[in-house]
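Student: Could you go through this one with me, starting with the rings and then moving along to whatever else turns up?

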Amino acid sequence: MGESVFLDNENTEALSNPRVIISGSNKNVYGTYVHGIFDKGNIAETVIQTLAKCKGITIQQGEIDDYQSFKEKQYDKLADTLREYLNMEEIYGMLRDANI
């Protein structure tokens, strides 16, 4: 994590071109203000491979899902677990009785 700091608060240009100061001893940091940029598997994989190369290590390429696919698989696992431990017919009956 870094800290976003305007280096020149008097300069209005600083508002449109903020610079980020990264504190701490580790300067090998990647970051972005673009929400969701790592949701696609190929972007995350590229960053990981680049970091590995900088460290002199090799990471075998594997199957990387995009974030949406990952979330769907997790929801499927949750649904399977709920079906295993809950009486779904009873729950559906309660919902029908409540007219939902």
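Student: How many aromatic pairs does a search of the whole structure find?
Tutor: The search finds one aromatic pair, where rings of Phe, Tyr and Trp (its six-membered ring) pair if their centres lie within 6.5 Å. This is a predicted model, in which local features need pLDDT of at least 70 and side-chain atom pairs count only at pLDDT 80 or more, whereas totals for chains, interfaces and linings use all residues. Residues are numbered from 1 along each chain as its sequence is written, and side-chain values use heavy atoms, with hydrogens and water left out.

Student: Which rings are they, and why is the pair stacked?
Tutor: They are the rings of Tyr67 and Phe70, whose centres are 6.4 Å apart and whose planes are at 25 degrees, so the pair is stacked; planes under 30 degrees apart count as stacked, over 60 as edge-to-face and the rest as tilted.

Student: How exposed are Tyr67 and Phe70?
Tutor: Tyr67 is partly exposed at a relative accessible area of 41%, and Phe70 is partly exposed at 42%. Buried means under 20% relative accessible area and exposed over 50%, with partly exposed in between (1.4 Å probe, protein chains only).

Student: Switching to charges, how many salt bridges does the structure hold?
Tutor: The structure holds one salt bridge, meaning a side-chain nitrogen of Lys or Arg within 4 Å of a carboxyl oxygen of Asp or Glu. The side chains that meet in it are those of Asp80 and Arg83, at 3.3 Å from N to O. These two residues are also three apart in helix α3, and therefore separated by about one helical turn.

Student: Are Asp80 and Arg83 buried or exposed?
Tutor: Asp80 is partly exposed, with a relative accessible area of 47%, while Arg83 is exposed, with 53%.

Student: What about the other end of things, what caps helix α4?
Tutor: Asn87 caps the N-terminal end of α4 (residues 88–97), with a side-chain oxygen lying 3.3 Å from the backbone nitrogen of Glu89. Just after α4, Asn99 takes a positive phi of about 55 degrees.

Student: And the overall layout, in what order do the elements run?
Tutor: The chain has four helices and two strands, running β-α-β-α-α-α from the N terminus on. Of its 100 residues, 7% count as buried.

Student: Which residues form the nonpolar patch on the surface?
Tutor: Val34, Ile37, Phe38 and Ile43 form that patch, and together they have about 310 Å² of accessible area. Of these, Phe38 is found in the loop between β2 (20–21) and α2 (41–55), and Phe38 is partly exposed at 40% relative accessible area. Patches are made of residues with over 30% relative accessible area and no salt bridge, with like charges joined within 9 Å and nonpolar side chains (Val, Leu, Ile, Met, Phe, Trp, Tyr) within 5 Å; the areas come from the Shrake-Rupley method with a 1.4 Å probe, and for residues only the protein chains shown count as cover.

Notes: Polar contact = N/O pair within 3.5 Å; in protein donor to acceptor, adjacent residues only side chain to side chain.
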